[in-house]
Amino acid sequence: LIRLAVTNVQFHCCLLRSVPIFTGVRAKMSTQNYIKIGEDDPGYPINMFCVPRHYEEDLEHVLIPAGLINDRTERMARDICSDFKHEAIVALCVLKGGYKFFTDLLDKIKLINRNSGHSVPLSVDFIRLKSYQNDKSTGSIEVIGGDDLESLRGKNVLVVEDIVDTGKTMQQLLNLLHAVNPKCVRVASLLVKRTPRSTGYRPDYTGFEIPDRFVVGYALDYNEYFRDLNHIGVINEQGKKKYAV
Ligand code: HPA
Ligand code: MG
């Protein structure tokens, strides 16, 4: 029974992974294409890194230092470029949390474009969503800004997100996008949370899979705080209380 279940999971993944999204692009079939941060990974002590003084008491530990985010982002950019080949893409930044990953990922793609034989024409678009208050999802997304999605019709869209938590936000966003018939939609998320609340949704490109903790920094916020922290850290109870609304 267990083997059957495992086989089913793999079969399901292969199906998802091998569907050509558009001509010339086929996702690689691979086992684990993200860095997995373990359940009881202690991270790094706050005082081993430069952290703004105003957050020193509000974090449990640093989970992903900025340098590691940078190196992983570089490799994700390479994977994206090799999948999209010469196809033009519209990179869609999911604001606000996605802005750091978006600019850093695009800088890396632009670097590859300047320095390698083939290049991927890039344009950018933005959408602003809100679904979290304190550390809880409000359950439905609200589009509170950005251009008309109609401009994405017929385009290859790369959605760039900071985090896939339950997956509900991304699934709702994908429904909105599919309504305007893009040529293809791919999703790159820096983080994916391992949580029992997950819908099972997985992005096409993932930086890190993280434990079920509320993380902040590198543009991820808690009620708009912590975006000005350059590492990704785990907020502590004091921080949650201090910045609660
Ligand atoms: N941190 C910040 N924003 C989020 C998170 C998180 O852990 N999950 C969903 N949105
Ligand atoms: Mg987000």
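A residue is called buried when its relative accessible area is under 20%, exposed when it is over 50%, and partly exposed in between, using a 1.4 Å probe and protein chains only. The structure is a predicted model, in which local features need pLDDT of at least 70, side-chain atom pairs count only at pLDDT 80 or more, and totals for chains, interfaces and linings use all residues. Residues are numbered from 1 along each chain as its sequence is written, chains are lettered from A and ligands numbered from 1 in the order in which they are written, and side-chain values use heavy atoms, with hydrogens and water left out.

Glu 224 is partly exposed, with a relative accessible area of 39%, and has a positive phi near 80° although it is a residue other than glycine. Its loop runs between strand S9 (215-216) and strand S10 (232-235); strands are DSSP runs of E with at least two residues, helices are runs of H or I with at least four, and both are numbered from the N terminus. Lys 85, in the loop between H2 and S3, likewise is not a glycine and has a positive phi, of about 50°. Lys 85 is partly exposed, at 42% relative accessible area.

The loop between S9 and S10 also holds Leu 220, which counts as buried at 5% relative accessibility. Contact here means heavy atoms within 4.5 Å. Leaving aside residues up to four places away in sequence, Leu 220 touches several others, including Gly 97, Asp 162, Leu 191 and Phe 226.

How do the helices pack? Helix H2 (residues 66-84) and helix H3 (residues 99-115) meet at an angle of about 55°, with axes 9 Å apart. H2 and H3 are therefore oblique to each other, a term for angles left over once those under 35 degrees (roughly parallel), over 145 (roughly antiparallel) and 65 to 115 (roughly perpendicular) are set aside. Among the residues that meet are Met 76 and Ile 80 in H2, and Phe 101 and Leu 105 in H3.

Technical notes: Axes fitted to C-alpha atoms, helices over the stretch in contact; angles between N-to-C directions.
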